[in-house]
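Subject: Structure handover

Hi,

Here is the structure I said I would pass on.

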Amino acid sequence: MIKGQDIIVVGIQAWDIEIGSNCKNIATEFAKHNRVLYVNPPLDRATLRRDRNSEKVQKRLRIAKGEDTGLVPISDNLWNLYPKSLTESINWIPSHFLFKKLNKRNARLFSNDILEAMEQLKFQNVLLFNDSSMFLGLHLKKLLKPQSYTYYMRDYLIKVPYWRRHGERIEPQVIELADTVVNNSTLYAEYGAKYNANSYMVGQGCDVSLFNDEDNTIEIPKEFKDIPGPVLGYVGYLTSMRLDIELLEYMAKTKKEWSIVLVGPEDEDFKNSDLHQLDNVFFLGSKDASELPAYVKGFDIAMNPQVVNDWTIGNYPRKIDEYLAMGKPTLATKTKAMEMFQEHVYLGSTKEEYIQLAEKALEENSEELRNKRIAFAQSHTWENNVKAIYEAIKKSA
């Protein structure tokens, strides 16, 4: 446990992001025993040009002009900083020399905004926690002079087009500079360890309280009345970037007595797939997040049929914890990130294995296994995740 510390959190997601954020959850947990400044990424010129009329950009422009405050209290120990400086958009620049010069300038502007907020809040001897902001993060240790610098990896960003050109060169440098590297999967921990001996797998936090049905009050939606069992289901965004359409088609055609239920919005590949022509595949559409536990309850087996690629191989899928929190037999693609779930999740590598494991899951399901799944999922709290981060920081000191 770390208490009474001043902590600065920087990253690639702003506090006012519409979707869930690991970094926000971690910062909130930090703030239970420490003072925390959560710093939004600075406004860059490309975003200004593209989204000038959006309220988010307009707010940042008002702050830059001094018409609005950039330091906003979130709770007793937590503040959010909107940097007032405008940075250049440089990820597209082919020249390493020019990128290096502009990146250093961006980092200096960004750091000056942070230093000003630190002075206002009287922050001293800070711990700096960087959520994957590799470009700006290259210079923050030198410019902010923190007591300790932690770099957090939760996605394989150097395989994403935005980060790839310079990230494959820059991120290893950031990892090497950090005092501690924390990761939410074994794959990333092993990658970090190539450049820094203090690279640790700290797991992942997840709020599964919504998926708690221990009092059996969640009602299965009426749509399931016309869907014959057994039901194998998935909830989430239906995109070919992450999900294996061919695998789903194979399962539906091989086991016509099974119903495949897919809950969530579809990308174009899913909309145009042959899955829509199969009688035992049911698309139930997009649902509000609050409704998802009810749909998971309707599954006999919950699935995460991932395609294995650079985006998914190390990705920690929160939905696995949500499935397990409902006590559901869970079937997923075998990846490095899924190794930590192997005692509680059926992991398949081939289409044939998926069929065999689904049959096994249906056959051996029991109340004992259900309770073990729930207990395992409930151990993945943000509190436990942050405790592991604290322990990693202390080991590196």
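To begin with, how close do the axes of helix H11 and helix H13 come, and at what angle do they cross? The axes of H11 (residues 318-325) and H13 (residues 367-378) come within 7 Å, and the crossing is at roughly 135°. Bear in mind as you read on that this is a predicted model.

An angle over 145 degrees would count as roughly antiparallel, and H11 and H13 are therefore oblique to each other. Their crossing is left-handed. On the H11 side you will find Asp321, Leu324 and Ala325, which meet Arg373, Ile374, Phe376 and Ala377 of H13. Sorted by class, that contact between H11 and H13 has five nonpolar residues, two charged ones and no polar ones.

Another helix pair

There is a second pair to look at, H8 and H12. H8 covers residues 245-254, and H12 covers residues 351-364. Their axes come within 10 Å and cross at roughly 55°, so H8 and H12 are oblique to each other. This time the crossing is right-handed. H8 brings Glu246, Leu247, Tyr250, Met251 and Thr254 to the contact, while H12 brings Lys351, Glu352, Tyr354 and Ile355. By class, the contact of H8 with H12 has five nonpolar, three charged and one polar residue.

The six-stranded sheet

H8 also leads you to a sheet. The helix lies across S11, S12, S13, strand S14 (301-304) and strand S15 (330-333), and it runs at about 145° to S12. Those strands belong to an open sheet of six, ordered S13-S12-S11-S14-S15-S16, with parallel pairing. At the edges are S13 (281-285) and S16 (346-348), each of which pairs on one side only. From one strand to the next, the twist averages 25°.

Strand S11 (residues 231-235) runs parallel to strand S12 (residues 259-263), and five bridges join the two. One place to start is valine 231, whose bridge partner in S12 is serine 259.

Around strand S2

Strand S2 (residues 35-39) is mostly covered, with four of its five residues buried. It pairs with strand S1 (residues 6-11) in the parallel sense, over five bridges. In that pairing, isoleucine 7 stands opposite valine 36 of S2. S2 is also joined to strand S5 (residues 78-81) by four bridges, and these two strands run parallel as well. Here valine 39 stands opposite leucine 81 in S5.

One residue to check

Last, is serine 133 buried or exposed? Its relative accessible area is 7%. The cut-off for buried is under 20%, so serine 133 is buried. You will find serine 133 in the loop between strand S7 (127-131) and helix H5 (134-144). Leaving aside residues up to four places away in sequence, serine 133 touches Gly11, Ile12 and Tyr151.

Cheers

Key: Residues are numbered from 1 along each chain as its sequence is written. This is a predicted model: local features need pLDDT of at least 70, side-chain atom pairs count only at pLDDT 80 or more; totals for chains, interfaces and linings use all residues. Side-chain values use heavy atoms; hydrogens and water are left out. Two strands pair if DSSP finds at least two bridges between them. Axes are lines fitted to C-alpha atoms, for helices over the stretch in contact, and angles run from 0 to 180 degrees between N-to-C directions. Contact means heavy atoms within 4.5 Å. Buried means under 20% relative accessible area, exposed over 50%, partly exposed in between (1.4 Å probe, protein chains only). Angles under 35 degrees count as roughly parallel, over 145 as roughly antiparallel, 65 to 115 as roughly perpendicular and the rest as oblique. A crossing is left-handed if the near helix is turned anticlockwise from the far one by less than a right angle, and right-handed if clockwise. Ala, Val, Leu, Ile, Met, Phe, Trp, Tyr, Cys and Pro count as nonpolar, Asp, Glu, Lys and Arg as charged, and the others, Gly among them, as polar.
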